[in-house]
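User: Could you walk me through a few local features of this model, and how to read each one?

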Amino acid sequence: MNSPSAVTARKQPKKQPWNYTNIFWLSAVHLLALAAIPFFSWSGLALAMFGVFVLAPIGINAGYHRMLTHKAFTGPRWVRNSLVTIGTLIGAGPPIHWAAMHRVHHRHSDTNLDPHDSNKGFWYSHVFHLLIKDDHEAEPVDYLNTYAPDLMKDPYLVFLNKKGNLLAVATLPFLFLAGGWSWLLWGAFVRTVCTWHIMWFVNSATHKWGYRNYDTDDRTTNCWWVGLLAAGEGWHNNHHAQPAC
């Protein structure tokens, strides 16, 4: 017979390990974005807004999300590689990891298996989930080949998945040489923070506020203000009903 302590131990939820890499980078980029305030310039602001409202929809919405993850459209390899490269350079993260986690999200939306389960609260689904290692990342299994085997066959996507963050960092000296501290801090760090939070609002706000056109098995909504910020991604309930549309 098992001892009471053994039974209790089995019932306790598994503690998820901290993702120290994410904690460091998320903190550093947010602090550098705050440091940009004294270096404000209109050209720096314009550069940041160009990244948020032009490059992000091209690289993340079209490249990472619609083309890689859902295969909502196809095109020549150079078009796909260009879109995904833009997404990588503006700080969206490893593209195959992004696609794999988003596929997990659609498969298990708003359940314990969802990487950013909105039932755990707004801030968990918005950002706190990034501070811990998801079960799919923490377990000794190859989650990339499990959820994105099609993408793992492409050498260029594998390269971006491994080295893309270094390429994004490599753009920083060019911004400084082109426009000094204002372009560096506003064009890189303010732009990245704004892009991240807009992207995260799709995980948080569009599972909390808005209306529903479709009776999907989750909490997704259509949230108009996220739609405006995220170039249409805020109509999230529509998207979960027809992901490849």
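Analyst: Happy to! Lys-71 sits in the loop between H3 and H4; helices here are DSSP runs (H or I, at least four residues), numbered from the N terminus, as are strands (E, at least two). This is a predicted model, where local features need pLDDT of at least 70, side-chain atom pairs count only at pLDDT 80 or more, and totals for chains, interfaces and linings use all residues. Residues are numbered from 1 along each chain as its sequence is written, and side-chain values use heavy atoms, leaving out hydrogens and water.

User: What is the phi of Lys-71?

Analyst: Lys-71 is not a glycine, yet its phi is positive, about 50°. Asp-110, also not a glycine, has a positive phi of about 60° and lies in the loop between H5 and helix H6 (122-126).

User: Is Asp-110 buried or exposed?

Analyst: Buried means under 20% relative accessible area, exposed over 50%, partly exposed in between (1.4 Å probe, protein chains only). Asp-110 counts as buried because its relative accessibility is 10%, while Lys-71, at 47%, counts as partly exposed.

User: Where does H9 bend?

Analyst: A bend at a residue is the angle between axes fitted to the seven residues ending there and the seven starting there. H9 bends by about 65° at Lys-163.

User: Which residues of H9 are buried?

Analyst: They are Leu-157, Val-158, Leu-160, Asn-161, Gly-164 and Ala-168. For what covers them, contact means heavy atoms within 4.5 Å. The cover includes helix H3 (42-69), helix H4 (77-89), helix H5 (95-107), helix H8 (143-147) and helix H10 (172-204).
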